[in-house]
Amino acid sequence: MTFPVVGMSCAACASRVDKTLNRQDGVTAATVNYAAATAQVEFDPGKCSPESLREAVRDAGYDLLIPSGNHLTDGMQSADGGRQIPDDEEEDLYGEAERIHEKHYRKLKRRTITAVALAVPIMVLGMAFMDVPWMKYLLFTLSTPVVFWLGSGFFRNAWRQLRHGTANMDTLVACSTGIAWLFSVFNMLFPQFWLSRGITPHVYFESSSMIIAFILIGRLLEDRAKRSTSSAIRRLAGLRPRTVTLVTEEGEKTIRISQVRPGDILLVKPGEKVATDGTVFSGSSYVDESMLSGEPLAVEKKPGDKVYAGTVNQRGAFRMAADKIGTDTVLSRIIRMVQDAQGSKAPVQKLVDKIAAVFVPVIMAISVVTFLCWVIFAPQEGFTHGLLAMVTVLIIACPCALGLATPTAIMVGTGKGAENGILIKDAESLEIARKIDTVVLDKTGTLTEGHPRVTGCIWADSGKTAGQGPWYREAFLALERMSGHPLSEAVVNYLSEELSRHADAASGNTCPVSAPGNVCCSVPSVQISSFETVPGRGIRGSANGQELMAGNREMLTDAQVCISPALDVQAREWEADARTVIWFADSSEALAAIAIEDALKPTSPQAVAELRKAGIEVWMLTGDNEASARVTAARSGIDRYRAGVFPEDKVGFIRTLQSKGHKVAMAGDGINDSAALAQADLSIAMGQGSDIAMDAAMVTILSSDMMKIPQTIRLSSLTVRTIRENLFWAFIYNLIAVPLAAGVLYPLNGFLLDPMIGGAAMALSSVSVVSNSLRLRYRKLGEKIPGSGPGGHKKVTSVQDNAFSDNNTVKQSENPTVMKKYKVDGMMCGHCRMHVEKALNGIDGVKATVTLDPPVAEVEFTSGHEIPLEDLQKTITDQAGEYTLSEM
């Protein structure tokens with residue numbers, strides 16, 4: 001569970017809370033993020049509870065905000081089996097933390113303004129009228145409220161830390177300003193003590209006042225900047241509505257989002273945010289899903305379509321059935337991933353935490369040694385100079401800059417990633433990404449759209465198919481229906497349409513466009529028994545006592561099935577054109593072959609070009625055939641690939657690359673990729689893929705846009721560079737400032753740093769670190785490479801036995817392709833879809849894929865020249881019927 005922490009004022013505080021939590025019985029691990037003011041605790045609820053953790057933190061001088069009630073027993077269970085705080089109470093918890101921080105910020109702002117208003121006149125009077133006898137009494141009167149009223153928080157926190165035997169930044173401030181003020185009071189009341197020893201006494205009321213003012217200014221700016229670093233979480237949390245409209249038999253009523261249960265029917269009105277993940281029950285509308293996909297265009301939703309929490313309904317109203325609620329929604333999952341990432345610690349932070357934990361005691365020891373050295377080695381004015389040097393050392397040293405260096409950069413980096421549809425699991429993943437020198441890509445769903453379609457079918461010219469053609473088609477369909485593979489879905493759709501068309505022709509039925517809601521006739525199903533999936537090969541089963549199989553060529557070879565020359569020739573032609581061939585056979589001969597094509601994503605060639613430009617080697621792994629893999633690799637601009645690989649082969653291949661010293665990233669979207677994702681140094685799941693792949697991944701790309709992969713690596717480089725810059729300046733600042741404050745230059749040129757300057761420098765050090773991290777918000781993650789495209793690389797290497805052998809070169813197309821999507825209105829069934837697709841594919845230079853749900857035509861202009869919409873519409877009207885094409 002993640003809890004907000006209240007009362008931390010510096011990195012040493014965070015270290016103290018971290019140690020306190022990790023010492024509790026039952027706590028497995030605890031991580032405190034100073035920048036986010038949160039504590040992420042993994043604990044055994046049988047040994048400790050949120051209440052006991054809060055008491056331990058309170059005993060240490062801080063506070064832990066916990067949810068009301070016991071959510072370890074009655075809380076909702078998330079999809080991964082863990083107990084989660086309900087969304088509304090989690091919002092209340094963070095809302096309470098936000099209110100406390102807001103109250104603290106307003107109070108700090110008032111104190112800062114008042115301190116500056118008093119400290120500036122004190123400094124002017126002290127420097128301009130220092131020789132006026134009564135001036136020191138006026139300065140005493142004005143400075144006392146600045147130090148002990150406006151700066152009272154430093155003294156209270158220092159006392160609280162002292163009671164617990166620890167020290168933090170407030171201890172340094174309280175000691176330095178308190179010593180300067182007391183020393184000044186002593187000199188004001190007992191000047192003869194110094195005059196009798198030949199020393200002129202001075203008062204430093206203006207120094208103690210200005211130190212308080214400067215540090216309050218620094219805290220105010222730091223607090224404001226830290227709020228900006230966590231803006232991504234606040235924006236994501238703001239996407240969740242607080243109430244929803246529940247539809248019941250009695251009518252509609254408004255309820256809290258926490259009261260929604262799976263299966264409830266909810267009404268979503270125009271302009272409202274969708275409250276849960278669910279399915280449209282009735283009505284239709286357009287929904288803005290930019291928070292998930294990054295696409296600015298609203299998506300049409302009609303009955304049966306999925307909708308997601310946090311998306312915004314644009315026009316019409318619709319009713320939806322709630323499927324996933326609370327912490328199981330995609331939005332809650334995104335928020336949780338971003339929170340976990342922002343609360344995690346980079347490996348370098350462990351060293352920084354160790355330094356921050358001992359920083360304050362070491363600085364106090366250095367200040368005492370500084371004072372003693374001045375007293376011993378400069379007897380004349382050693383006491384005065386030594387005291388000033390001790391005060392300056394205490395005030396100028398800054399553990400906050402060290403403590404903020406890493407977490408602020410990580411918070412801004414992960415937040416920027418989330419805003420761009422890139423979810424990063426933790427800080428370590430962010431740090432690893434910049435080291436990647438090899439990217440391994442799955443083909444289907446990663447390089448390609450993941451929406452395969454049948455582009456050709458041929459049946460064997462044999463007695464079996466001639467006599468029992470319809471039965472074998474129904475058997476093929478029934479067998480494919482039992483498979484969950486994406487290619488099977490394409491085969492099922494094609495065979496269903498084909499059998500419907502034959503049934504319509506036999507009955508004389510037609511499918512007029514003008515008949516709304518017309519549904520093609522149903523297809524009788526053959527019963528399949530003894531169904532079995534053969535990994536890397538295909539599927540098999542039995543029907544009417546016959547053994548049937550559907551899969552790749554290797555499956556037929558293993559079963560010693562005979563393939564006729566006509567089928568073999570046609571299949572090899574399809575494979576040479578980058579199409580996947582699915583074979584259908586009985587125990588003795590191949591009965592049919594189906595060609596399936598999955599269109600390349602428009603951004604794949606550009607993404608590959610970006611990666612290669614950055615010096616990263618790109619590989620493609622696929623279970624597809626050699627010819628299809630070679631053509632897809634060529635079109636993507638990939639010069640190294642491996643075809644015909646099983647899931648376990650992908651793992652072995654990545655191990656081989658790693659054994660040669662490569663840092664490997666694996667991008668995939670399927671269940672079969674999860675093992676390879678776990679093996680890779682950096683695992684990237686494409687967001688439209690399976691939940692298992694996303695759970696195994698260190699980075700999730702919500703939109704499945706290939707360009708997000710080079711953007712992820714660039715984000716990692718920018719974030720790590722910012723962390724290094726922050727740490728460099730934080731360390732350099734302390735290494736230079738502390739000796740300078742101690743007076744190392746005094747013997748050389750008489751220079752001794754004024755405590756006021758030390759206070760200003762300390763305040764600016766923290767602000768500069770946070771401001772440097774905030775620069776990440778305005779950096780661009782990537783731009784298009786001029787001239788990049790599918791013709792960018794000529795050499796394509798097939799790899800079968802040796803992971804680094806070079807052979808088999810092919811020439812790629814030199815004509816760039818243009819891809820566009822159009823909405824198609826008027827389609828009612830599969831026949832309509834086929835008419836539109838056939839009409840578009842009949843145009844020279846056009847390669848089109850049309851889907852019925854959603855009604856979209858993906859048109860690829862292979863000649864590189866886009867054909868006007870009017871010409872496309874004319875062709876469809878003339879050859880297909882009254883269908884309307886419009887740009888998306």
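**Charged surface, strand pairing and salt bridges**

In the predicted model, helix α3 (residues 87-128) contains lysine 107. Lysine 107 has a relative accessible area of 41% and is therefore partly exposed. Together with Lys103, Arg110 and Arg156, Lys107 forms a patch of positive charge on the surface. The largest contribution to this patch, three residues, comes from helix α3.

Strand pairing was examined next. Six strands form an open sheet in the order β8-β7-β9-β15-β10-β13, and their pairing is antiparallel. The edges are formed by β8 (251-256) and β13 (306-307), each of which pairs on one side only. Within this sheet, strand β10 (residues 277-283) and strand β15 (residues 318-324) run antiparallel and are joined by six bridges. Valine 280 is placed opposite methionine 320 of β15.

Strand β11 (residues 285-288) pairs with strand β12 (residues 299-301) in the antiparallel sense through three bridges, and with strand β14 (residues 312-313), also antiparallel, through two bridges.

Of the 23 salt bridges found in the whole structure, one joins lysine 823 to glutamate 300, with an N to O distance of 3.6 Å. This pair links distant parts of the chain, since lysine 823 lies in strand β30 (residues 818-825) and glutamate 300 in strand β12, 523 residues apart. Lysine 823 has a relative accessible area of 18% and is therefore buried, whereas glutamate 300, at 28%, is partly exposed.

A salt bridge of 2.6 Å (N to O) connects the side chains of arginine 553 and aspartate 568. Arginine 553 belongs to helix α20 (residues 553-558) and aspartate 568 to helix α21 (residues 565-576), so the pair ties together parts that are 15 residues apart in sequence. Arginine 553 counts as buried at 17% relative accessibility, and aspartate 568 as partly exposed at 21%.

In helix α31 (residues 869-879), aspartate 878 and lysine 874 lie four residues apart, about one turn of the helix, and their side chains meet in a salt bridge of 3.1 Å (N to O). Both partners are exposed, aspartate 878 with a relative accessible area of 54% and lysine 874 at 55%. Elsewhere, shared partners join Arg553, Asp568, Arg572 and Glu575 into one network of salt bridges.

Notes:
Residues are numbered from 1 along each chain as its sequence is written. This is a predicted model: local features need pLDDT of at least 70, side-chain atom pairs count only at pLDDT 80 or more; totals for chains, interfaces and linings use all residues. Side-chain values use heavy atoms; hydrogens and water are left out. Two strands pair if DSSP finds at least two bridges between them. Patches are made of residues with over 30% relative accessible area and no salt bridge: like charges are joined within 9 Å, nonpolar side chains (Val, Leu, Ile, Met, Phe, Trp, Tyr) within 5 Å. Accessible areas come from the Shrake-Rupley method with a 1.4 Å probe; for residues, only the protein chains shown count as cover. A salt bridge is a side-chain nitrogen of Lys or Arg within 4 Å of a carboxyl oxygen of Asp or Glu. Lys and Arg count as positive and Asp and Glu as negative; His and the chain ends are not counted. The place of a charge is taken as NZ of Lys, CZ of Arg, CG of Asp or CD of Glu. Buried means under 20% relative accessible area, exposed over 50%, partly exposed in between (1.4 Å probe, protein chains only).
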